[in-house]
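Dear colleague,

Here is the structure I promised to pass on.

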Amino acid sequence: PHCQPHRPKTNRKWWTDKLAANHARDARKTTELKKAGWKAITVWECRLKKSPDREVSRVLAVLKRSTPAR
């Protein structure tokens, strides 16, 4: 939802189906990870390119909240 790359002009149906399948797979895998007790963090390439420091800070904040105090 954050990155909207240009779709290829040729073979549009194939690309639309492929990207939809990738999205469904990612959602399924995220759910599986959460059920197994993991925390899934999605880092979008477009956001990483635009604001790398912000994305790293976001990941570190999640990790800090998830790590038990020593």
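**Charged pairs and a cysteine link**

R58 is partly exposed, with a relative accessible area of 32%. Keep in mind that this is a predicted model.

R58 has a charged partner. Its side chain meets that of E55 in a salt bridge, 3.0 Å from N to O. Both residues sit in helix 3 (residues 52-66), three residues apart, so about one helical turn separates them. E55 is buried, at 4% relative accessibility. That value falls under the 20% cut-off for buried.

What does E55 touch beyond its neighbours within four places in sequence? The contacts are V43, R47 and L48.

The search of the whole structure gives five salt bridges. The pair of R58 and E55 is one of them. Two others are worth a look.

First, E45 and K49. Their side chains form a salt bridge at 3.2 Å, N to O. The two residues are four apart in helix 2 (residues 45-50), so they too lie about one helical turn from each other. E45 is exposed at 52% relative accessibility. K49 is exposed as well, at 64%. Both values pass the cut-off, since exposed means over 50%.

Second, R25 and D26. The salt bridge between these side chains spans 2.8 Å, N to O. R25 is partly exposed, with a relative accessible area of 36%. D26 is also partly exposed, at 40% relative accessibility.

As background, side chains of opposite charge can pair when their charged atoms come close.

Now the cysteines. How many disulfides are there? The count comes to one. This disulfide joins C3 to C46, with 1.8 Å from S to S. The link of C3 and C46 is left-handed, with -90° about the S-S bond. It ties distant parts of the chain together: C3 lies in the segment before helix 1 (12-35), C46 lies in helix 2, and 43 residues separate the two.

Is C3 buried or exposed? C3 is buried, at 19% relative accessibility. The cut-off for buried is under 20%, so 19% still counts. C46 is partly exposed, with a relative accessible area of 29%.

When you open the model, please start with E55 in helix 3. Then go to the disulfide of C3 and C46.

Best wishes

Technical notes:
Residues are numbered from 1 along each chain as its sequence is written. This is a predicted model: local features need pLDDT of at least 70, side-chain atom pairs count only at pLDDT 80 or more; totals for chains, interfaces and linings use all residues. Side-chain values use heavy atoms; hydrogens and water are left out. A salt bridge is a side-chain nitrogen of Lys or Arg within 4 Å of a carboxyl oxygen of Asp or Glu. Buried means under 20% relative accessible area, exposed over 50%, partly exposed in between (1.4 Å probe, protein chains only). Contact means heavy atoms within 4.5 Å. A disulfide is a pair of cysteine sulfur atoms within 2.5 Å.
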